[in-house]
Every structure is written in structure tokens, then in C-alpha cells.
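Please look over the model shown here. The briefing that follows goes through selected parts of it, grouped by topic.

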Amino acid sequence: MDKFARIDMGAAGGPKVTVGPLGEYAGLGGRAMTSLVVAAEVHPLAHPLGAENKLVIAPGMLSGTIGSMTGRLSVGCKSPLTGGIKESNAGGQAAQVLARLGYAAVVLEGKPVGDDVYKIVINAEGIKVVVDNSLKLMDNYPLVAKLRKEFGDKAAYMTIGSAGERMLLAASIACTDPELRPTRHCGRGGVGAVMGAKKIKAIILDDAGMKMRPAVDPDRFRDANRKFVEGLKKHPVTGEGLPAYGTNVLTNVLNEAGGYPTRNFKSGIFEGSASLSGEAQAELEIKRGGSATHGCHRGCVIQCSGIYNDKDGNYVTKQPEYETVWSHGGHCGISNLDTVAKLDYIDDNIGVDTIEMGVTIGIAMDAGLAEFGDDAAAIRLMEEVAKGTPLGRVLGCGAAITGKVFAVERVPVVKDQALPAYDPRAIQGIGVTYATTTQGADHTAGYAIATNILKVGGDVDPLKTEGQVELSRNLQIATAAIDSTGMCLFIAFAILDQPETFQALLDMLGGFYGINMTGDDVVALGKKVLLAERDFNSRAGFTKHHDRLPRFFYTEPIAPHNQTFMMKDEELDEVFNF
Amino acid sequence: MDHEAGEPDVAEQAPLRCRNVALRIMSDQLSIFFPLLQRGVRVQAEVGKPLGQFLSDQLGIPKEYVTGRITTIFMDNRPVDDLERSRIHEGSRVTLSAAMPGLVGATMRRSGFYAALRQGISHAEQGAELPSGQGTLTLKLFNLLLPELAPLILARGILLEQDELDALLNEFDAASRLGVASSYLCDREECGGTLVTVTVRDLPATPG
């Protein structure tokens, strides 16, 4: 991966492609690449949908190798949803293919004049940017089907649906999975709107003729990968729970903990949770001839995804994730998995973030546009977004805007990004991360672990309340580092419990690049990324007052625990004290 | 599905309030019980005892399985860390789960490193004297523990109301549905419901 490509969509005479060496960005991948490029090159006061914003696409440091779990693609920009820096990542095949083509980053710059839409083709011969107005307003599934006829079934596709073309703030970028379905999305923060603003409808990645990226020390790399895979397979989360039930295995547990935000964060327990559970979903999928065990990219050994069919055995969508089942399910008072699956399909097809859209539908219900629990109404509201009606445009711009338009008081967002599926009043520590992360309310920003191994900031006493600030800080640093490797974040569970598996990951990086990486190096990388993101946000106008949860979390106790969010502002302000 | 014969000479016993129903099924029918076990079933228990004792001694779950496999436990919606200090009481709701993904999954783990993140909702024994003796509590099983512990729990017996039992029996297809032969056998006045014991003919009761 020694190529750094820039595509200036606004160049005089038409889009201009420049490919050069990595220069100052050498050694970076994934989130480290996207965030450091955005922080260095995007004016913090730029309009996110304007020519000054850049969309940086970067595979991870180990993508395109024989390494397991290396298929995450990062996309970064100034977010049109939050107004701050954004890194959004997805599985699928795009990272592997882009890395094998030798690109550490593809940066989309500028903005074309006129109404033409473009497709970008990246293959062994180089990069071509081609007008293709036959793709206008196509949604992702028919769009990919059409592109496959032209480019075949060996390519990987990154596309935006009608939502991205309309520049809706919840718009995502879809990446195709191994079966060429547009089911893996860079979902959060409106990255699809930025791609739409630059009039790019599709990026076709074809690595025909290219080989797996070679390691500097192939034997060390192969040995480390073997140990890494062994570690993943023997761990009960990565080796059993996730393959059997997917992420939706969390529904029952969160509900039992009283932390399952129900009917727009009014309660922590949903009476219909068992019907939505990962256990119920897996059984239904298997019974209907789908699958409860499926990998989103080649090289995945955790296989937490699946295939969801209807009662007649016809494909509906990929297995909905926990966040999606919650946002379209319990958050809206809906307990029917078929409804959730249909909504997930609509999200994937038009290209929107399932968390943002599900939370928005719940806000719409609180506004009286529909009743909580009205499955048909939820589908109708999503269809408005799909059609691009005025109501649909409001909804498609996310929870914060919908809340303002309809004068809803209870709007669960931070930095205008919708909260995910864990109530911070029940799980105070996740609230610390929601409030302080550079990304807006984000459950994965402070997600990785190994804190007890990395010992970031020293040892933490997990029983002390002030430990929550320390933990959130450590977790955010570790996550930023893992996001830079291109590894799926779910490796985190095995690394938490098995130091030898964490060492295997370090040895993979070391064997591939011919270096010796330590926990301190991982920490340093994570800190570097977070400090760059924080600095960008500060220059974009964010202050400590943006690192807070919505007021109702502090004043409305949630059943069954009757707790409010109790962290003090001064404690939140300590998170980035490093 | 077979049924056991009822107890003889019912007329000679004192008026009783619960029945026993014994079912014998094959392992491929076990999943019929999973929705019920996820929602929670009442089981008989000696209350006032430590939760760890309930799991190992009363339910008969091997100690190493409790330690190694049941990594997430809730009691009355609160994550439990200390199995010896936490005590079951009449009407407790006990939920058993395997290891969970995600930061929040790790947060809920018994004595986990991230327990601080769930400040305020963790189970804390108040130290009050609890009544002891025979009682009932609600037990829920989640995810990997469902197929692994269901045979054991069902063999020990679960208490169902009549409508729950009817709904359960309706899940079996007509060819295997049985006519229930009731046997009256109860020496407590308060247990209520029907004690249903299930033997899975082709699986051991105790998890491996």
C-alpha cells in the first residue's frame, strides 16, 4: 500500500486523478489515516457538503493480507451531521480489494459543477472517473445489480443510494459483502451525503491480477495469524456467542440490565424484548433457510452476521445487528422481527444509518406522527425518506433536526448524532463515552479493551467511581488504535481475556511490517489519532459544553433502576486530560 | 411424547393444589422450551441461601461450569458479582447468560474489569436477614446457556400455570402431542401451578 490517490472532482476540465507516494502519511491506515488527513487538510469551518471538505477512504494497516479479520474500511471527513470530524467504518470486501490494489488512501476532493453523476473505477491499470447518469437516483440493491453486469462479480462495490444523492444527513456509504449485496455500511455521520455532494455514485474496485500483500517476515506473520485465529476461536464470545447469535445476542442482556432504551428512552425494559432477541432471530433464520452464521468479509473467522429470509424462504436482508433491532424495534415499541428486517432492508437500499433512522422514527412517534408500536406506520415513514418527500427529507436528516422541526423535547443526541442502544442512566460509563468522544454519541468509540494489558494511564481500580473517566479515556485510546489497523473491532473481546491473543496481534503487525510493536506503540497511536480529532473539533468550534448528554438524562430517572446520569461536568472534562 | 401414569388413590389424599406432569421428548424438540426459558420460568428453591449454592447444590450445575461458563448473572435486573454474598429470596428473578460481546457485554460480566461502568445498578446485598425455607423464584436462561442448561432445569422441574402449559403443549405437532395424565402430588399449600418435568431422552441432563 504505497499509493496515495487524490481525485479532484472540481478540477477545471473535469475530475483529475493524482497518484503519489504517502509522504507524511506513511505507516498509517484506517482511522489514523482518515483522521490525520482530515485534520491536516480540511478547513474546520468548511461546509461539509462543499468543495473544501474531503472524503478520505482508507483500508487498514493489515487489509489485503492473509491475516484474519483485516477487512475493515475507514471513511473520514468533516461530518455534515455533527459538524465535527468523522470516521465511519464498515466490513465487506472493499478494504481487502483497495489494499491489494496498493492504495493506502483515496481522497475525494472538490466538487463538480453541474448535474452529472460519476462512477470511479479503480483497478490494476489505475483510476478512471466516468460520467454515468444512468445511475441517477438508483438505490443500492438495483445499483449494484446493474454495475455487476458491467464490471462482474469479482469486483467490490462502494455505492450511495438515493439518500446520499439527496445529501440527507443520515446517508451512508454501502460496501458489498462476499455475496455482492450492499449490506455493510459506513453508517454514522452522513458520510454518504459527502460522497453525494461530490456527485460520486459508485466506486468500483477490481483487483484482478493483484496478489495478497506480502509480509516482510512471512513466517512470523503466518505464525502470529495462526495464534490469533486460535485465540479468537477458543474464546466464548468470538468463537461461540457471536457466530451463533450475532450482535443481537445483547438484546436479552441489556433488557435484563434495565438499560434497553424503550419508546424513546422512556424506560429501560421492553416487554417485547424476547421476541426481538438474538436467540429468537437465530432460530427464525435457521428455520426459514437463512443463516445465523456468516462473515461480512473474506478472512473473517468470527462470522457474526447472518441471512434473514421471509416466511417463504426468500431473502429479505442480512441479519439485522443489535443496534438496528433496537433502533427499529424497542426504541419504537415494535416487537416484530419481520418488521425490523424490512426496515433494515430499506435502510440498506436507500443508504442510511440504521441507528440514526431508527432513533428518528422514534422521535417522530413521540411527536405524534405515529403511535409507538405501529409497525405499518414505521414502514410508511421510512418510505417517505425513500421517496424524498419533504417529510422524508426532514426525517432523513436525522434525530436532531426531526426533533427541532416537530418540537420534541426528548431528543437523544450528542453533537447531533443519535445515541445507540444503551441507556447511559443504567450504564453510566457508556454515557461518559457518548458525551466526550470526538465522533458524537458513539458506542464503538470507546469500545476496545485491553486496558488492563495496555495499562494506559496506569492501573485503574474498576470499583472506584472515578475509574469510569479513566476507563472511558483508556477505551477511546485503545479503540482509536484498533480502528487504525483495519481489524474488526470484535477482536477486542478475545484480546481482553487472552494476553497471548493480543500479543499475536502485535506480532502480526510486527511480522508484516518488520517492526517490533508493543502495547506502548498501540497507545501512542491511539493518542495521536484522538488528539488530532480533538484539535480539529476545537478549531471547528466545539467546546467542553458540547461534551454533555441531553438534559433529560440528568433529570429523568429511568425504570427499573430509577437512576439519572450522575457524572459531573468536571469529571467529563477530565477524559481528554492526557 | 410419552406420559407417566398418575399417582394411585387420589381420593385418599388431602385436597392438593398442584399437579405433576412428566414429559419425555427428543433433543430436537428442546427448542420448543427456549422462548419460555428466555421469558422466565418459576422453579422451586430453598430461599435465603447464597446464589452460588442455589446454582451448584440446588440446581446441580457443576461448579466449574458456573465459574467458567455462566459469566453474566442478573438478580432482579442487577448484575451480580459475588455469588456467595448474594442471596436468593422468595420471588427473586435470576438470569443466567454466557459471555457477552461489546463493551457493555464486558461491563455486565461477573466481577469484570469494567464493572465500574455500571455503577449504581450492580446487585448489592443489603445484609438484612432473609426468610429461609422452600419457595419459588423465576429463572431465565439466555443464549449459549439455553441448549446447555435447559435439559438440567427441565429435568428438575418448572412450575407452569395452566395457560402456559396449554400453550406449550400446543407447540408440539398433533402427531406427538399427548393427552396429559395428571398426578396429584404435593405437600405444600403454596406452590401453585403445575410442576412439569421434562426428560430429554437423547441428551444428558448435566452440561458437559
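## A covered helix in chain B

Helix 2 (residues 51-58) of chain B is mostly covered, with 6 of its 8 residues buried. Buried means under 20% relative accessible area, exposed over 50%, and partly exposed in between (1.4 Å probe, protein chains only). Helices (H or I, at least four residues) and strands (E, at least two) are DSSP runs, numbered from the N terminus.

This is a predicted model, in which local features need pLDDT of at least 70, side-chain atom pairs count only at pLDDT 80 or more, and totals for chains, interfaces and linings use all residues. Residues are numbered from 1 along each chain as its sequence is written, chains are lettered from A and ligands numbered from 1 in the order in which they are written, and side-chain values use heavy atoms, with hydrogens and water left out.

**Helix 2 of chain B, continued**

- Leu51(B), Gly52(B), Phe54(B), Leu55(B), Ser56(B) and Gln58(B) are the buried residues of helix 2 of chain B.
- These buried residues pack against strand 3 (41-47), helix 3 (63-68), strand 4 (72-75), strand 6 (93-97), strand 7 (133-141) and helix 5 (145-156) of chain B; contact means heavy atoms within 4.5 Å.
- Gly60(B), with a positive phi near 85°, follows helix 2 of chain B.

**Chain B overall**

- Chain B has 6 helices and 10 strands, and buried residues make up 53% of its 208 residues.
- Of the contacts in chain B with a separation of 6 or more, 82% are between residues 24 or more positions apart.

**Sheet in chain A**

- An open sheet of 6 strands in chain A has the order 2-1-6-3-4-5, with mixed pairing; two strands pair if DSSP finds at least two bridges between them.
- Strand 2 (16-20) and strand 5 (85-90) of chain A stand at the edges with a single partner strand each, so one side of each has no neighbour in the sheet.
- From one strand to the next, the twist averages 15°; angles run from 0 to 180 degrees between N-to-C directions, and axes are lines fitted to C-alpha atoms, for helices over the stretch in contact.
- Strand 3 (residues 55-59) and strand 6 (residues 103-109) of chain A pair in the antiparallel sense over 3 bridges, and Val56(A) stands opposite Val107(A) in strand 6 of chain A.
- Helix 1 of chain A packs on the sheet, touching strand 1 (3-8), strand 3, strand 4 (73-78), strand 5 and strand 6 of chain A, and its direction makes about 15° with that of strand 4 of chain A.

**Helix pair in chain A**

- Helix 1 (residues 30-41) and helix 22 (residues 519-539) of chain A pack at an angle of about 30°, with their axes 9 Å apart.
- By class, this contact has 9 nonpolar, 1 polar and 4 charged residues; Ala, Val, Leu, Ile, Met, Phe, Trp, Tyr, Cys and Pro count as nonpolar, Asp, Glu, Lys and Arg as charged, and the others, Gly among them, as polar.

**Gly373(A)**

- Gly373(A) lies in the loop between helix 13 (354-366) and helix 14 (375-387) of chain A, and counts as partly exposed at 29% relative accessibility.
- Leaving aside neighbours within four places in sequence, Gly373(A) is in contact with Cys332(A), Gly333(A), Ile334(A) and Met365(A).
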